[in-house]
Amino acid sequence: MTDRRKRSDRTLGMDRPIDRRDFLNGVAVAVGAIGAGGLADAAWAESAAAPWPQDQPGYYPPILTGMRGSHPGSFENAHALRDGDFWSKDLPKVDTGEHYDLVVVGGGISGLSAAHFYRAAKPDARILILDNHDDFGGHAKRNEFHLDGKLHLMNGGTLEIDSPRPYSPVAGGLLTELGVDPVALTAACDKTDIYPGLGLSHAVFFDKETFGQDRLVNAAPGWHDPGTAAEWTAFAAHTPLSPAGQADVVRINTGTSDYMPGLTSAQKKDALSRISYRDYLANTVKVGPEALALYQAATQGEWGVGIDAVSALDCWGFGLSGFQGLNLEPGSAPRMGYTPSGYADGGSYTFHFPDGNATIARLLVRSLIPAAIPGHDCQDIVGAQADYAQLDRPENPVRIRLSSIVVRARNIGEIDAATGVEVAYARGDKVFTVRGDNCVLASWNMMIPYLCPELPPEQKAALHSLVKTPLVYTSVALRDWTAFHKLGISGFQAPGRYRRGDRGALAGKADPRPHGAHALQTRPARARAEQGRPRRAAGDAVRGLRAQHPRAARPHAGRGRL
């Protein structure tokens with residue numbers, strides 16, 4: 001055993017005996033960390049002195065663990081407001097006396113962009129951005145891990161620059177202003193050969209409860225390319241599926257039969273829009289229950305429901321398999337959903353920063369408050385550390401105030417003669433008010449009827465009709481990832497399990513030796529496409545599914561590493 005391994009083992013506590021009590025306590029702490037944020041995080045939060053945590057040295061949310069999306073402290077007052085209980089708490093009211101040209105509710109990419117565009121139009125404007133979370137970025141959060149003095153990054157929310165339709169001149173222009181050229185970055189930074197170069201491939205885990213036995217099957221096709229009939233046949237032969245189930249998987253992905261003979265492309269698309277993808281596979285393609293079980297969760301990453309609740313036409317638009325023999329004409333069709341129809345027409349350019357779209361949020365913050373994040377371009381910001389104490393300084397023309405959940409926004413005076421807007425927000429155990437000439441609500445739309453109860457009933461009903469489906473990502477930094485290397489896998493899918501997907505990202509150079517650091521993320525599978533390509537389910541091997549348009553989707557592994 002080398003000295004290096006001995007040091008690593010001591011770091012992990014492997015030189016100490018583990019009794020039953022320690023083991024159970026360790027499991028309890030690990031499981032509880034997801035819901036409560038972890039004991040270390042709680043101690044860190046309590047140690048922050050007045051006036052506010054974000055103004056104190058050492059405040060750095062990207063390193064926190066536990067539930068980091070809607071974390072404890074970010075939603076309780078919103079729930080009370082929804083339930084009609086918030087104002088009955090009669091919290092102390094504080095008029096800050098502050099007045100801004102613009103108050104923005106929500107510090108995600110939308111809110112930060114609103115401030116960016118307002119300031120571009122009015123360079124001398126004073127702007128306040130309020131956010132209920134302990135970090136800016138909204139759905140574009142950043143996960144940082146520091147192991148042995150090295151920084152490892154993962155996206156803590158939205159994965160990448162990606163749209164079902166080409167970016168508008170305004171949105172594309174914003175990326176240009178921020179110095180982001182996705183096409184050029186893709187050419188310079190995407191490293192699609194890292195995992196194959198290490199002899200690693202994607203795998204599928206078949207669980208006993210769904211498929212009869214636990215089995216990990218390596219070399220799943222459809223991850224880096226659509227896969228040939230020979231590759232799918234070899235893969236299927238190693239699965240626990242029956243011969244009929246194996247043949248179904250091969251047929252779905254490589255078959256060329258026209259299951260709707262005599263119909264035109266337009267007629268086929270119309271028919272596909274009226275049945276679910278499950279019904280199409282079961283009743284039209286006529287596959288058995290084993291293949292249906294393998295594909296049942298293929299749509300959860302995008303829609304939050306199974307293939308029984310998504311139309312076959314929308315699944316074709318996303319590049320799922322089983323349609324190749326229909327010879328459908330490229331492009332969208334009536335009765336398609338907005339997102340799949342966009343991807344069927346080509347989508348947008350894409351690019352994945354190591355921390356996902358948190359880089360976009362950080363670039364916006366740096367443009368608004370230069371002292372908060374050092375650097376000058378979209379590459380040096382990836383490794384830069386933000387100084388949160390700079391975000392809400394009185395001398396700043398733009399200020400970002402965290403852990404401040406807005407509970408009311410109303411006109412000052414009658415709407416036709418209003419002299420401004422008053423915004424109330426809860427922070428700590430008090431309710432504060434600020435005033436502005438203008439206000440942008442860049443928060444979750446579902447909350448707006450509660451923030452502005454005077455809205456017309458029709459507008460409230462429309463805002464309440466929105467539905468969100470939560471996706472849970474779990475990011476873990478491994479000190480020793482050799483188990484993956486020994487298995488020969490870079491990641492895996494578990495289509496029958498709750499935690500469906502895993503993807504890995506090598507931190508630093510690709511080092512297959514023991515103790516090479518590895519950042520691991522488990523999550524519901526997502527999908528992506530390059531401009532002009534179908535949106536393939538690249539996060540799911542069994543959804544790698546043969547694409548029905550001229551080119552296959554871009555590989556997933558090693559993308560966007562700077």
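View 1. Buried residues account for 51% of the 562 residues in the chain. The model shown is predicted. Its chain holds 21 helices and 14 strands. The accessible surface comes to about 25300 Å². Carbon and sulfur atoms supply 56% of that surface. Among contacts between residues at least 6 apart in sequence, 66% join residues at least 24 apart.

**View 2. Helix 10 and its buried face.** Helix 10 covers residues 229–237. Which of its residues are buried? They are Trp-232, Phe-235 and Ala-236. Seen down the helix axis, these buried residues fall within an arc of 95°, so they line one face of helix 10. An α-helix has 3.6 residues a turn, so residues three or four places apart point the same way. What do the buried residues of helix 10 pack against? Their partners are strand 5 (201–206), strand 6 (215–217) and helix 11 (243–254).

**View 3. Helix 10 against helix 11.** This view turns to one of the partners of the buried residues in helix 10, namely helix 11. The two helices pack at an angle of about 155°. Their axes lie 9 Å apart. Angles over 145 degrees count as roughly antiparallel, and helix 10 is therefore roughly antiparallel to helix 11. The crossing of helix 10 past helix 11 is right-handed. Helix 10 brings Ala-229, Trp-232, Thr-233, Ala-236 and Ala-237 to the meeting. Helix 11 brings Gln-246, Val-249, Val-250, Asn-253 and Thr-254.

**View 4. Helix 5 crossing helix 6.** Helix 5 runs over residues 109–121, and helix 6 over residues 169–177. Their axes come within 12 Å and cross at roughly 80°. Helix 5 and helix 6 are therefore roughly perpendicular to each other. Which residues meet at this crossing? From helix 5 come Ser-113, His-116 and Phe-117. From helix 6 come Val-170, Leu-174 and Glu-177.

View 5. Ile-448 sits in helix 19, which spans residues 448–451. Is Ile-448 buried or exposed? Its relative accessibility is 10%, so Ile-448 counts as buried; the cut-off for buried is under 20%. Leave aside the neighbours within four places in sequence, and Ile-448 is in contact with Leu-441, Ser-443, Leu-455 and Leu-463. Arg-408 can also be located from here. Arg-408 and Ile-448 are 40 residues apart in sequence. In space, their C-alpha atoms are 8.9 Å apart.

**View 6. Asp-90 in a loop.** Asp-90 lies in the loop between helix 4 (76–82) and strand 1 (93–105). Asp-90 is not a glycine, yet its phi is positive, at about 50°. Its relative accessibility is 58%, so Asp-90 counts as exposed.

**View 7. Arg-335 in a loop.** Where is Arg-335? Arg-335 lies in the loop between helix 16 (312–317) and helix 17 (338–344). Arg-335 has a positive phi of about 75°, although it is not a glycine. At 48% relative accessibility, Arg-335 counts as partly exposed.

Note on methods: Residues are numbered from 1 along each chain as its sequence is written. This is a predicted model: local features need pLDDT of at least 70, side-chain atom pairs count only at pLDDT 80 or more; totals for chains, interfaces and linings use all residues. Side-chain values use heavy atoms; hydrogens and water are left out. Helices (H or I, at least four residues) and strands (E, at least two) are DSSP runs, numbered from the N terminus. Buried means under 20% relative accessible area, exposed over 50%, partly exposed in between (1.4 Å probe, protein chains only). Contact means heavy atoms within 4.5 Å. Accessible areas come from the Shrake-Rupley method with a 1.4 Å probe; for residues, only the protein chains shown count as cover. The arc is that of the directions from the helix axis to the C-beta atoms. Axes are lines fitted to C-alpha atoms, for helices over the stretch in contact, and angles run from 0 to 180 degrees between N-to-C directions. Angles under 35 degrees count as roughly parallel, over 145 as roughly antiparallel, 65 to 115 as roughly perpendicular and the rest as oblique. A crossing is left-handed if the near helix is turned anticlockwise from the far one by less than a right angle, and right-handed if clockwise.
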